[in-house]
Every structure is written in C-alpha cells, then in structure tokens.
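Subject: Structure handover

Hello,

Here is the structure we talked about. Please open it first, then read my notes below.

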2 protein chains.
Amino acid sequence: MTFKYNDVYLEEVSSVAGPLEEQGPLGKNYDITYKDYYVGMNTWEQAESKMLVDSVDALLYKVNKLKQDIDVHISGDLLNQIVSTNYASLSINIPLIGIYGACSTSCLGLIIGSNMVDKGQVKNAIVSTSSHNNSAEKQFRYPVEYGNIRRKMSTYTVTGAASFLLSNKKSYIKVESSTLGKVCDLGVKDANNMGAVMAPSAAKTIYEHLKSLKREVNYYDLILTGDLGIYGKKILREYMKVEYNIDLNNHDDAACMIYDIDKQPVFAGGSGPSCLPLVFNSYIYKQMLKGKIRRVLIVATGALLSTTMVNQKLSIPSISHAVSLEVSDDLF
Amino acid sequence: MTFKYNDVYLEEVSSVAGPLEEQGPLGKNYDITYKDYYVGMNTWEQAESKMLVDSVDALLYKVNKLKQDIDVHISGDLLNQIVSTNYASLSINIPLIGIYGACSTSCLGLIIGSNMVDKGQVKNAIVSTSSHNNSAEKQFRYPVEYGNIRRKMSTYTVTGAASFLLSNKKSYIKVESSTLGKVCDLGVKDANNMGAVMAPSAAKTIYEHLKSLKREVNYYDLILTGDLGIYGKKILREYMKVEYNIDLNNHDDAACMIYDIDKQPVFAGGSGPSCLPLVFNSYIYKQMLKGKIRRVLIVATGALLSTTMVNQKLSIPSISHAVSLEVSDDLF
C-alpha cells in the first residue's frame with residue numbers, strides 16, 4: 001500500500017548512541033553519546049528506555065518546543081511488550097501509539113505519523129525507536145556475559161535511540177511518499193542470519209514502491225536499507241536483479257555504514273531498529289541539508305524473530321516498510 | 001488527543017472464541033467457537049494465530065470480500081513480538097501495521113484505522129486482535145499445567161480473536177470520534193491485580209474524551225471498558241467520582257460480561273485484548289443494530305505488564321484508548 005503526501009515535513013531529527021557507535025565512522029554526528037552501556041541506570045532495559053527519553057528531549061531542545069506542544073508520539077522497540085517505549089512514555093507524557101515492527105519500526109512509525117500529519121489530524125508527531133545490544137542479545141540469543149560464539153553472518157545490535165519530528169510546517173526535507181509492506185517468509189530458520197531473512201521482504205517493498213508510483217530505481221539518489229549487513233546486502237541486490245531485473249546501483253545499507261566492519265568486532269554489521277535511523281538522522285540528514293543528496297528512499301527491514309516460534313521449528317517471517325524523503329525545492 | 005470523524009463506518013465485525021467463552025452468557029453470539037484450546041494446531045501460540053486468521057476470514061466471508069479488496073490490516077496481540085499477528089499475516093497477506101498496546105490493542109487499532117479511512121488514505125481497513133489463555137499465562141505468569149494458585153483479584157485471559165472492518169461506505173454504525181491515551185502509572189506492582197493497574201488510565205482517558213468534546217457522561221448510552229474485572233470496575237467508578245466528580249452510572253466492563261463470574265472459574269472476570277472486542281462484536285453490536293443502544297464509548301484498557309520489569313521491582317504502567325461508536329441516524 002503506497003501513500004503520497006502533500007504537507008508533511010521532517011522538521012528535525014535526533015540521535016543518541018552507545019560507545020561502539022561513537023567509535024564508528026559516523027561517531028561525530030550523534031547528538032549525545034554515552035561512555036558505557038548502563039547510561040546511569042541500573043539495568044540494560046532501563047538504560048534503553050533512558051536513551052529513548054534522551055532522544056526525545058534532544059529533539060525538543062533543538063526545536064525549542066515543550067512536550068505539550070506535540071500531539072502524538074509513535075514509538076516501538078525490540079523488547080518484549082516494547083518496555084523501552086512504555087517506560088519512557090511515563091516521562092515523555094505525550095499520547096502514545098505503541099507499535100511493533102522489529103527493525104522496521106522507524107519507517108512504520110513514519111508512515112503512521114505522516115498519514116496523520118498530511119491530512120491535518122495532528123499538527124505534528126514524534127516518531128521514535130531504540131535498541132540496546134545487551135538487552136536485545138539477552139532476550140533473543142544469550143546474555144553477552146556467556147561469551148557465546150557468534151557466526152560471521154550474525155549482525156551486532158546497535159545501542160542507541162533516534163527520534164523524528166514530523167510537522168505540517170514547511171522545512172528543508174519533505175516526506176514525499178511511503179509504502180507499507182506485507183509479511184513474507186522464504187523459509188529461513190537461522191536466527192543468526194537476519195540478512196537472509198529480511199532481504200526478500202526489502203526487495204518486495206522496494207519493487208512495490210517503484211511500481212505503484214511508476215518510478216525507475218534511479219529516481220532516487222540513494223536507497224538506504226536498514227540492517228541487512230554485508231551478506232544480506234548482496235542477497236538483496238541479487239534478488240532485485242533476478243526477480244525484478246532491477247540493478248540496485250544506488251543502494252547502501254545502514255548496517256554496513258554505522259560501524260567500520262573491518263576494524264570493529266561487529267561480524268556482518270549493525271542491526272536493531274535504531275540502526276537505520278542513527279545513520280539517517282546523523283550523516284544522511286546532513287548530506288540532504290547540504291543538498292548533496294536530494295532524494296532518499298529509506299527502507300527499514302524487520303526480521304520478526306521470536307525465540308518461541310524458532311523453538312517450535314517455524315521459519316522467521318519478515319516485513320519492510322519504505323519512506324521517500326526529498327529535499328523540498330521551494331525552500332532552496 | 002481526541003479525533004472527530006466524518007466518514008468512517010463499521011461495515012462488519014467478527015468474533016471467534018474458545019470453549020469457556022462459548023459456555024459464557026454471550027456464547028451463542030460468536031461467529032465461530034472451538035471445542036478445545038489447540039483449534040487443530042500443534043501449540044497454543046499457533047492456535048492463537050489460527051484464531052486470528054479465522055476471525056479475518058469470517059469477516060471477509062460476511063461482507064463477500066477478498067483479501068485483495070482490503071487496503072490495510074492493523075493488528076496486535078499479547079505475545080512477545082506479536083507473533084500471533086505476524087504469523088497470521090503470512091496467510092492474511094494484507095499490508096500490515098503491527099501494534100502493541102496489550103489489552104488496549106483493539107481501540108488503538110481502531111484509532112489508527114479510522115484516521116486513515118476518514119481522510120480517504122485507504123478505502124477500508126481491518127483491525128484485529130487475539131488472546132489465548134494458555135499462551136498468555138505461560139508467557140506472563142506460569143504454564144497452566146503447573147496448577148499455580150490464583151488470587152481472587154486475578155483475571156482470566158480470554159481465548160478468542162476479533163476483527164472489525166472499517167470502511168468509508170455508509171453503514172448502520174458510525175465511528176464518531178476517538179481519544180488516544182497516555183501511559184500512566186500509579187505505582188501498582190502486583191501482576192495479579194490488573195484491574196487496579198488499569199482503572200486510573202481508563203478514568204483519565206474517559207475524562208479527557210468527555211472534556212475535549214465538551215460532553216456530559218450521559219451523552220453515551222453505554223461506556224464499556226475492556227477488562228478491569230469486578231474489582232477494577234469498582235476502582236474506576238470511585239476514581240471518576242473522587243477525581244472528576246463524575247457518576248459513571250452508564251458503565252459496564254466487558255470482563256464482567258463475557259463470563260458468568262459466579263459460576264465459571266474465572267476469578268475477577270475476563271482479560272486480554274480480545275475480551276472487549278468479543279463482547280462488543282457479539283452482543284453489543286447486535287443491540288446497536290436493533291437500535292436498543294445508540295451511542296457507545298468503548299474504552300480498551302491495557303496493562304503494560306512485563307515480567308522483566310516486574311522482576312526489576314518496577315511498577316506496572318497502563319494505557320487506555322477510547323472509541324465512540326454511534327448508530328447513524330441517516331440510515332434509520
């Protein structure tokens with residue numbers, strides 16, 4: 001399902017990140033970075049929730065707004081019962097739409113928010129997401145203290161949080177259109193190979209987006225997927241070529257940008273719902289403000305991994321959602 | 001945040017329910033009932049997912065529509081990573097907005113869907129939710145086979161699933177307005193007393209709804225909360241009286257209607273995201289079609305319970321969302 005927008009702008013963005021992300025190639029671009037994984041809290045789950053609060057506070061600070069100036073908060077994360085979001089919401093205190101899309105959360109939130117802002121149902125909306133390496137590993141695989149051996153196809157959950165302020169107020173970057181994806185499942189059962197799980201769903205959503213808007217792939221200066229990693233990125237390109245005869249030459253993957261994969265201990269790259277928005281809200285956003293990149297399709301890719309269902313020998317479904325962001329001509 | 005709608009109708013509803021629900025006072029009103037808790041599947045999680053599929057299929061059958069006639073599916077459930085929804089979506093195959101609001105899911109979905117239908121961004125939307133006693137007890141408390149002793153304030157998770165078809169096509173019941181709630185937390189830490197957790201958030205959302213639309217409580221023939229249970233229902237009424245000086249005389253609670261609390265082994269009543277929609281989509285919906293009740297405010301109440309956070313000694317936050325449904329005058 002594809003939506004076209006007339007009156008939605010990205011008024012501001014924020015990004016907060018952990019120590020390993022700060023050491024990565026985009027490290028200088030984040031609004032706040034933390035020296036450790038507890039960020040002053042007692043547990044990793046509470047640390048993740050605190051980062052989400054910080055990302056909203058940083059966003060509001062940048063635009064000089066108060067919480068009561070915001071109509072709606074749309075947020076989700078990887079933890080069971082989206083506890084990072086729910087506990088953060090106690091201090092954020094804005095009417096909440098809680099969502100779950102695993103690592104597709106950022107684009108899912110942007111779609112819901114853009115639909116509401118475009119038609120004037122709200123004047124603005126904050127869209128947020130977070131992830132934390134230790135809270136995610138503990139929940140989905142093994143507590144990191146166990147020193148479990150990782151496979152080279154596994155990705156490294158990003159520690160950080162990011163927020164977007166959508167608004168009907170004209171600004172430099174316009175939310176131009178979006179495509180809501182479907183759940184798909186090609187039978188992958190390997191919980192350590194999320195790239196292979198997600199690549200087909202990314203391909204389907206990109207194809208659906210281009211087809212429904214009658215666009216060539218080169219309409220975009222950049223197609224930025226979320227967290228496929230170095231292997232998933234290759235699978236996506238092959239899938240697009242074989243299945244749809246599309247050369248994805250203008251593509252990059254946030255999982256391959258957020259870390260220095262050759263030097264940092266991150267295996268196939270980053271992952272987690274905050275991976276894509278950390279890359280977009282820092283480096284890409286600034287490139288767009290400078291006019292160096294004008295049209296970007298961000299495609300957040302979600303592996304709907306459940307330990308319960310994997311233990312029941314079921315394969316892992318995935319879903320991807322896409323949002324088109326453009327430098328708005330009338331302001332330049 | 002309150003929304004007013006002009007062009008959203010409840011075209012049809014469906015409800016499927018488990019054996020204990022069939023034996024309850026509304027048992028004859030469900031579209032499908034099951035003889036056991038496995039509903040032909042191998043596990044409870046897969047059973048819950050199957051019920052969700054059945055509720056969507058039953059809905060489409062009633063309106064003689066195919067899946068490809070539906071623009072968007074909005075769904076969520078209680079299980080980690082909303083697996084009932086995600087695995088159901090493989091066969092439902094409609095673009096998905098996955099949401100998490102615990103037992104507030106039905107109204108959260110109706111709000112997102114109504115906002116999209118009202119402004120013509122989609123022509124229709126299916127909103128679904130499910131719950132399953134055994135899958136929920138296993139995840140949130142103890143597997144039922146353990147024979148864990150329950151306290152009298154505890155509620156009994158409803159087994160069933162329900163779907164709503166929202167449409168811009170005029171029908172007998174109009175979605176008139178809605179109120180999106182905020183997360184609140186009054187410090188309750190008892191995971192066996194969800195009524196006490198949720199009652200204040202229900203009160204805040206009802207009050208916010210009435211205030212923002214400048215309505216007296218008697219505007220509604222019925223205010224129907226989701227799953228407070230017999231004790232939570234009392235707390236809500238007292239809270240409304242003391243805090244806002246409002247007499248909630250036109251109120252009932254779905255948790256107290258779905259079972260015969262005196263005769264069935266359900267402690268303080270029903271709970272789970274399917275509790276409210278099962279009561280509404282069966283008995284109340286039919287009462288509205290007959291014109292016996294004309295204005296109903298449904299208030300889905302969500303306890304954002306997380307075993308992780310309860311183990312960390314944090315209290316349990318909650319959120320409630322409200323949707324106003326009215327018999328549309330111009331069709332009578």
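Chain A superposes on chain B by a rotation of 180°, with 0.0 Å of shift along the axis and an RMSD of 0.0 Å. The two copies are therefore related as by a two-fold rotation axis. The residue of chain A that comes closest to this axis is I99(A), with its C-alpha at 2.0 Å. Both copies use the same surface: 100% of the contact residues of chain A recur in chain B. Keep in mind throughout that this is a predicted model.

Next, the interface between the chains. Here 45 residues of chain A are in contact with 45 residues of chain B. On the side of chain A, the elements that give two or more residues are β4 (72-77), α3 (83-92), β5 (96-98), α4 and α9 (307-311). Which of them gives the most? That is α3(A), with 5 residues. By class, this side of chain A divides into 25 nonpolar, 15 polar and 5 charged residues.

Now the inside of chain A. The chain is divided into domain 1, residues 2-167, and domain 2, residues 176-331. Taken over C-alpha atoms, the centres of these two domains of chain A are separated by 17 Å. The contact between them involves 47 residues of domain 1 and 56 residues of domain 2.

Look at the side of domain 1 of chain A that touches domain 2. Strands giving two or more residues to this side are β1 (2-4), β2 (9-17), β6 (124-131), β7 (156-157) and β8 (160-167) of chain A. Helices doing so are α1 (19-22), α4 (105-118) and α5 (133-140) of chain A. The most comes from α4(A), with 7 residues. By class, this side of domain 1 has 23 nonpolar, 18 polar and 6 charged residues.

Two helix pairs are worth a look.

Helix α2 (residues 44-63) packs against α5(A) at an angle of about 130°, with the axes 8 Å apart. The crossing of α2(A) past α5(A) is left-handed. From α2(A), the residues that meet α5(A) are W44(A), E45(A) and E48(A). Their partners in α5(A) are N134(A), S135(A) and K138(A). By class, this contact has 1 nonpolar, 2 polar and 3 charged residues.

The axes of α6 (residues 194-212) and α7 (residues 229-244) of chain B come within 8 Å and cross at roughly 40°. These two helices, α6(B) and α7(B), are therefore oblique to each other. The crossing of α6(B) past α7(B) is right-handed. Residues of α6(B) in this contact include G195(B), M198(B), P200(B) and Y207(B). Those of α7(B) include Y231(B), I235(B), L236(B), Y239(B) and E243(B). By class, the contact of α6(B) with α7(B) has 13 nonpolar, 3 polar and 1 charged residues.

Best wishes

Note on methods. Residues are numbered from 1 along each chain as its sequence is written. Chains are lettered from A and ligands numbered from 1 in the order in which they are written. This is a predicted model: local features need pLDDT of at least 70, side-chain atom pairs count only at pLDDT 80 or more; totals for chains, interfaces and linings use all residues. Axes are lines fitted to C-alpha atoms, for helices over the stretch in contact, and angles run from 0 to 180 degrees between N-to-C directions. Helices (H or I, at least four residues) and strands (E, at least two) are DSSP runs, numbered from the N terminus. Angles under 35 degrees count as roughly parallel, over 145 as roughly antiparallel, 65 to 115 as roughly perpendicular and the rest as oblique. A crossing is left-handed if the near helix is turned anticlockwise from the far one by less than a right angle, and right-handed if clockwise. Two residues are in contact if their C-beta atoms, placed from the backbone, lie within 7 Å. Ala, Val, Leu, Ile, Met, Phe, Trp, Tyr, Cys and Pro count as nonpolar, Asp, Glu, Lys and Arg as charged, and the others, Gly among them, as polar. Copies are superposed by least squares on the C-alpha atoms of residues with pLDDT of at least 70 in both. Domain bounds come from an automatic or database domain assignment.
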